[in-house]
Number of protein chains: 2
Amino acid sequence: MRHAVILAGGSGTRLWPASRRGRPKQLLALTHDKESLLATAVSRARAIADDRVVVVTSEALAAATQAAVPDVELIAEPAARNTAAAIGLAAAMILERDPSAVIAVLPADQHVRDREGLTCALDTCLTAVERTDVIALVGIPPTRAETGFGYLEMAAGPSDGVRAVLRFVEKPDQTTAYCYLASGRYLWNAGIFCLTARRLLAELDTHLPQTAGAVRQIVRDNGLVLDPRGLYEALPAVSFDTGVMEKTDRVVAVPAAVGWNDVGSWAALPEVCGHDDDGNTILGGDAIVLDGSRNIVVTDDGTMITMVGISDLVVVKAGGAILVVRRDQAQRVREVVDALGARGFARLL
Amino acid sequence: MRHAVILAGGSGTRLWPASRRGRPKQLLALTHDKESLLATAVSRARAIADDRVVVVTSEALAAATQAAVPDVELIAEPAARNTAAAIGLAAAMILERDPSAVIAVLPADQHVRDREGLTCALDTCLTAVERTDVIALVGIPPTRAETGFGYLEMAAGPSDGVRAVLRFVEKPDQTTAYCYLASGRYLWNAGIFCLTARRLLAELDTHLPQTAGAVRQIVRDNGLVLDPRGLYEALPAVSFDTGVMEKTDRVVAVPAAVGWNDVGSWAALPEVCGHDDDGNTILGGDAIVLDGSRNIVVTDDGTMITMVGISDLVVVKAGGAILVVRRDQAQRVREVVDALGARGFARLL
């Protein structure tokens with residue numbers, strides 16, 4: 001059977017003040033349709049899954065996550081140990097009840113404009129997995145020389161939509177990113193991939209044996225493990241990309257130009273939500289923007305935001321806090337969050 | 001006896017969203033001492049008045065004004081007819097009970113750093129009025145080439161602190177303002193002046209006879225005038241400067257470098273309230289300004305305002321609305337207020 005695992009453990013400071021510790025990015029409704037990113041991810045997953053969708057999150061977010069997507073199977077990690085452990089835990093659980101399980105792993109906090117395109121690409125991946133036991137990634141053909149993403153280098157030559165992946169590249173510098181874009185041989189790594197549960201555990205056995213052992217034991221001895229929390233906490237915090245993908249030669253990619261966006265900062269909002277004729281993106285409530293363009297304005301609670309003579313600014317009002325930052329420096333919200341913590345404003349984190 | 005009349009009828013859109021129709025600038029506490037500008041003006045007036053301070057405001061603002069300064073004599077104008085009518089009404093009332101009254105007229109919405117200096121200047125004005133029946137203005141020696149104020153040109157030559165005024169100049173252009181500043185012969189017109197009540201009515205008789213007649217009739221026939229509202233509404237809306245001061249040759253000025261500020265826009269706040277070591281002025285609550293200077297940040301209700309990498313910006317959160325404008329364009333708040341009205345957000349005006 002085909003299964004879907006959604007990774008929903010993100011802590012989400014990048015969209016502060018809308019995102020908070022207790023309400024990270026995946027639980028926000030950033031688009032005009034008022035559905036959380038997670039709920040949308042679950043819808044996407046249902047399109048390819050034969051069984052109930054599995055969502056992995058943290059214990060702290062379990063209640064809020066279950067409330068946001070009631071009809072999923074929830075796994076609450078005893079501790080955050082990055083994606084290798086989270087994916088391993090979900091795969092071990094699925095493998096226990098379906099030895100021939102094929103799994104699609106999907107992040108919870110992304111935006112995909114072309115849902116049917118993604119379903120189609122995932123189906124291509126899953127079919128390849130079922131035929132040849134590969135690890136099949138959905139790769140996004142780059143639309144700009146982005147330095148904030150990881151890339152996949154594809155093997156040259158013709159293909160039937162499935163391309164061998166030669167290597168993974170972490171965030172490149174600007175020049176390298178331009179070369180990647182021009183070459184046509186690189187894809188953005190969206191963190192979306194398919195493989196059999198058995199292959200997943202086998203790769204963990206090879207590359208992260210402690211993780212493989214722990215997740216098997218936690219699932220098999222469910223409730224009987226003396227200290228599952230301690231077992232999990234002792235695992236190395238390593239991503240599945242670094243710990244497994246980059247070390248195996250079974251990786252292929254399916255290029256899919258599906259309008260993918262990782263919603264990595266407020267600056268991503270115009271691409272996700274569109275903008276008006278002046279280039280302003282206004283979300284969540286009333287705002288008046290006079291004589292200004294390319295602003296991003298978010299208001300959560302009826303507070304009117306007014307601007308005059310300003311361009312390229314991000315102004316967000318959410319939950320008793322306001323953020324003002326230049327659009328091209330939107331990632332600096334992290335500094336604000338750090339400063340709030342350092343100055344004792346824990347209630348705003 | 002010496003009397004003080006405070007003009008407190010301002011509608012105050014220039015400090016929106018803190019100022020509203022029902023809570024104009026003079027009722028705001030803009031300084032760190034939490035006292036409204038009006039209450040501070042009343043304190044200043046008490047320092048020179050022998051009788052209860054008279055405050056002229058609109059009917060709409062009467063209750064809020066009385067609440068802000070309970071121990072004054074309030075005149076609620078039946079209609080807004082600019083300062084000539086307001087001052088005339090107050091003078092006629094005072095003259096009725098004190099035929100030898102000397103009056104100091106003071107706006108309600110200004111900031112004066114050196115209170116004792118102002119008291120001293122007003123005393124010089126009042127003494128000149130009592131001796132020679134002049135109209136004596138407190139004039140502010142300019143500290144910058146300001147184009148937003150009216151100026152007084154003083155006669156050249158030595159003086160005992162009281163200088164003849166040759167003419168009034170409305171807001172000059174930038175070049176002219178620089179010449180005024182360099183010449184040393186021009187003063188800012190702060191709208192603060194002294195004269196006898198009898199002289200005031202006599203000047204109105206000469207230059208604005210309809211106003212003189214109406215205010216006399218309203219005061220004399222108090223309660224018996226058939227239609228005092230209609231009488232007042234029919235008056236020309238003209239300022240005392242334009243209607244009287246510019247037409248009489250009895251005007252003198254007392255230069256007084258008292259740290260005067262008309263708080264004409266949010267950009268005036270640093271001068272009124274000071275700023276921190278980074279040049280940021282933060283008023284009313286918590287704010288975090290990282291890597292930015294010369295910002296003006298006002299928050300009225302515990303909403304945290306955070307900024308990173310921004311300079312020279314005004315951000316104000318007050319009463320369910322946020323304003324964002326560049327510091328050097330702070331007067332454009334008027335456009336925002338107009339747009340709110342045009343788009344049906346009357347509740348925010």
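Where in chain A is the place of A:T65? This residue sits in helix α2, which covers residues 62–68 of chain A. Keep in mind that the model is a predicted one.

Stay with A:T65 for a moment. Its relative accessibility is 0%. Buried means under 20%, so A:T65 counts as buried. Look at what surrounds A:T65. Setting aside residues within four places in sequence, A:T65 is in contact with A:L27, A:L38, A:V55, A:T57 and A:L74. The side chain of A:T65 also reaches a backbone atom. That atom is the oxygen of A:L61, at 2.6 Å.

Now move along chain A to A:S293. This residue lies in a loop, between β13 (287–290) and β14 (296–299) of chain A. Is A:S293 buried or exposed? The relative accessible area of A:S293 is 19%. The cut-off for buried is under 20%, so A:S293 is buried. Beyond residues up to four places away in sequence, A:S293 touches A:D278, A:N280, A:I310, A:S311 and A:D312. The side chain of A:S293 also joins that of A:R294 in a polar contact of 3.0 Å. For a sense of distance, pick out A:I192. A:S293 and A:I192 are 101 residues apart along the chain, and their C-alpha atoms are separated by 34 Å.

Next, turn to the place where the two chains meet. The contact takes 34 residues from chain A and 34 residues from chain B. The size of an interface is often given as the accessible area lost when the parts come together. Here, chain B and chain A bury about 2800 Å² between them. Carbon and sulfur atoms hold 67% of that area.

Which elements of chain B give two or more residues to the side that touches chain A? They are β13 (287–290), β15 (304–308), β16 (313–318), β17 (321–326) and α11 (333–342) of chain B. Among these, β17(B) gives the most, with six residues. By class, this side of chain B has 20 nonpolar, six polar and eight charged residues.

Strands link the chains too. Strand β15 of chain A, residues 304–308, is joined to β17(B) by five bridges, and the two run parallel. Find A:V308 to see one case: its bridge partner in β17(B) is B:V325.

Finally, look at the side chains across the contact. Chain B and chain A share four salt bridges. One of them pairs B:R332 with A:D291, at 3.0 Å from N to O.

How values were computed:
Residues are numbered from 1 along each chain as its sequence is written. Chains are lettered from A and ligands numbered from 1 in the order in which they are written. This is a predicted model: local features need pLDDT of at least 70, side-chain atom pairs count only at pLDDT 80 or more; totals for chains, interfaces and linings use all residues. Side-chain values use heavy atoms; hydrogens and water are left out. Contact means heavy atoms within 4.5 Å. Buried area is the accessible area (1.4 Å probe) that two parts lose on being put together, summed over both. A salt bridge is a side-chain nitrogen of Lys or Arg within 4 Å of a carboxyl oxygen of Asp or Glu. Helices (H or I, at least four residues) and strands (E, at least two) are DSSP runs, numbered from the N terminus. Ala, Val, Leu, Ile, Met, Phe, Trp, Tyr, Cys and Pro count as nonpolar, Asp, Glu, Lys and Arg as charged, and the others, Gly among them, as polar. Two strands pair if DSSP finds at least two bridges between them. Buried means under 20% relative accessible area, exposed over 50%, partly exposed in between (1.4 Å probe, protein chains only). A polar contact is a pair of N or O atoms within 3.5 Å; within protein, one must be able to donate a hydrogen and the other to accept it, and residues adjacent in sequence count only if both atoms are side-chain atoms.
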